Every structure is written in C-alpha cells, then in structure tokens.
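Please look at the model first.

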Amino acid sequence: SFENNVLDYVDLDIDILVWEDGSYKILDLEEFETNAVKYKYPGDVVLNAKNALDEVIGKIERREFPFKWQGP
C-alpha cells in the first residue's frame with residue numbers, strides 16, 4: 001500500500017530470479033509454503049500470493065513490462 005508518501009509491503013518469501021534470455025527460477029516457494037502453515041497465513045493471502053506469482057510469470061514469459069528487453 002502507498003499512503004502519505006510511504007510504501008508499505010509484506011514480503012511473503014517468494015522471489016523470482018530472471019535472466020536476460022527470459023529464463024527464470026522461482027526461489028523460496030518452499031519457504032513460503034512452510035511459513036504459510038507456521039504463521040497461519042489466511043487463505044486469501046495464500047491465494048493472492050499464488051495468483052501474483054502466476055501473473056509475474058506470465059509477464060516474464062510474454063516479455064511484458066518490466067520484463068521487456070532485447071535479449072538474444
């Protein structure tokens with residue numbers, strides 16, 4: 001969220017490493033799943049995180065902003 005010129009976010013452990021050729025690797029998915037149980041993430045948080053992951057992967061695969069580059 002962005003309020004009063006302050007950006008506030010929750011890091012839910014999942015990261016994606018993207019290379020210039022468009023390949024990518026999902027990092028820390030197991031950590032997310034472990035923490036979801038350990039910290040009792042609400043179901044909507046888990047679903048939203050997985051939907052966001054799918055959305056980012058789609059943007060990478062379609063080379064949409066911010067993953068648009070002139071790779072090989």
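Tyr41 is buried, at a relative accessible area of 19%; buried means under 20% relative accessible area, with a 1.4 Å probe and protein chains only. Phe32 is buried too, at 0%. This is a predicted model, where local features need pLDDT of at least 70, side-chain atom pairs count only at pLDDT 80 or more, and totals for chains, interfaces and linings use all residues. Residues are numbered from 1 along each chain as its sequence is written, and side-chain values use heavy atoms, without hydrogens and water.

The count of aromatic pairs is one. Phe32 and Tyr41 form this tilted pair.

| Phe32–Tyr41 pair | Value |
|---|---|
| Centre to centre | 5.8 Å |
| Angle between the planes | 45° |

Asp13 touches both Phe32 and Tyr41. Its other contacts (heavy atoms within 4.5 Å) include Leu27, Asp28, Glu31 and Asn35, not counting residues up to four places away in sequence. Asp13 lies in the loop between strand S2 (6–7) and strand S3 (15–18); strands are DSSP runs of E, at least two residues, numbered from the N terminus. Asp13 is buried but has no salt bridge, that is, a side-chain nitrogen of Lys or Arg within 4 Å of a carboxyl oxygen of Asp or Glu. Lys38, the nearest side chain of opposite charge, is 9.8 Å away.

Of the 72 residues of the protein, 19% count as buried. The C-alpha trace spans about 45 × 35 × 15 Å along its principal axes.

Methods: Helices (H or I, at least four residues) and strands (E, at least two) are DSSP runs, numbered from the N terminus. Buried means under 20% relative accessible area, exposed over 50%, partly exposed in between (1.4 Å probe, protein chains only). Lys and Arg count as positive and Asp and Glu as negative; His and the chain ends are not counted. Rings of Phe, Tyr and Trp (its six-membered ring) pair if their centres lie within 6.5 Å; planes under 30 degrees apart count as stacked, over 60 as edge-to-face and the rest as tilted.
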